[in-house]
Amino acid sequence: MNLDDERLWSMPEAQAVLMGVQNMAEELWRGWQMGQALPFEVTSLQQVLVMGVGEAGLAAEAFAGLAEQGARLPVLAWRRGGLPRWAQGSHTLILCLAGAEEGEVRLAWQQAGEQGCRRLLLGEGALAQQLAVQQEPVWRVGGSLGAWLGALLALAVRNAWLDDPQVERTRALLMERQVALLPETPVAANPAKRMAGQLLGRQVVIVAADGLRPAAQAWKEWINRYAKNWAQVAWLPELDEDGLAATCLPAEVATHSVLVFLRAANDAPRSRLRSDLTREAFLMEGVATDFYDAAGTNPLEQLCSALQFGAFTAWYLALAAGVEPGPAPVLAALDEMLESEN
């Protein structure tokens, strides 16, 4: 499949997904700017839980991953229906991100009220509209990972949970790096097209440590969603405790598998050492590997550059595989079945 063939990426279905992929920098900036005007101040908090599923869940994980590296209070991503029992009282803030999948978010919102937590919903869909009419605390922003992440960062900075993460600088970096990732850039100069070629026809495992774990999860989900290709994640150091034993795979499995190692300059030295040695161990056993080095010098730049590259790679993988990158019909069918049971 020739990824330089304009007929592939000019199809309406492909263009619809591309629009979201290439707007990540601007969506991050949009969410950040909207967050500056949000009339929502919270004090005396002990913990924050960010709940969402699908793309909203990825935004929750990205925000929690950044908070893990510098927040002044615990921030946890939650991607399940309902809430944990420990989320109790006014010292807990529940941030619900309402995307296309609202059933679990609606349940979490209700339970947060029952457990006496403070709560805020970020979304633009039916649930947000309904709660806004009821004069519940709703922030009409979201719809994409970038917008949610920017809004959450603004909320955290304004309430002094987090220092300035340099969103404007991150936006500039993403815009600069995107030039090489656009469809018009030929394979010879487009690293995302080349990466997609490495992944084509293979079971993909995304490996990460430290601050790039949320990016690895996003790569996995986008490869599933856009390319309809099986993918999974593996974490370091956990991979070295058990997964490394799988280097003795049957030959037919090894030849149809590839591990992609995400790396960043801010990785702990021991994490980088593990990454390099683990990749070498799989290579020695005939399992294909590749790597991506995140750009930037701070956690937000590195996370967002890895997210950007993963989104483009998954989109190109869909084109290379000859599948439409839009939503699969089976997903809508499952949603209908779930709603019919409510």
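A cavity here is a set of points, on a 1 Å grid over the protein atoms alone, where a 1.4 Å probe fits but cannot get out. Its volume is the space filled by probe spheres set on the points, with grid points joined across faces, edges and corners.

**View 1. The largest cavity holds about 50 Å³ of space.** This is a predicted model, where local features need pLDDT of at least 70, side-chain atom pairs count only at pLDDT 80 or more, and totals for chains, interfaces and linings use all residues. Residues are numbered from 1 along each chain as its sequence is written, and side-chain values use heavy atoms, leaving out hydrogens and water. With a cut-off of 30 Å³ or more, the count is one cavity.

**View 2. Who lines the largest cavity?** Lining residues (an atom within 4 Å of a point) include Val207, Leu236, Phe261, Arg263, Asp267 and Arg272. Strand S6 (203-208), strand S8 (257-263) and helix H13 (269-284) each give two or more residues to that lining. Helices (H or I, at least four residues) and strands (E, at least two) are DSSP runs, numbered from the N terminus.

**View 3. The whole chain, for context.** The protein chain carries 15 helices and nine strands. Its C-alpha atoms fill a box of roughly 55 × 45 × 45 Å along the principal axes. Of the 342 residues, 52% are buried (under 20% relative accessible area, 1.4 Å probe, protein chains only). Take contacts (heavy atoms within 4.5 Å) between residues at least 6 apart in sequence: 77% join residues at least 24 apart.

Note on methods. On a 1 Å grid over the protein atoms alone, a cavity is a set of points where a 1.4 Å probe fits but cannot get out, and a pocket is an open set with protein on both sides within 12 Å along at least five of seven lines; lining residues have an atom within 4 Å of a point. Buried means under 20% relative accessible area, exposed over 50%, partly exposed in between (1.4 Å probe, protein chains only).
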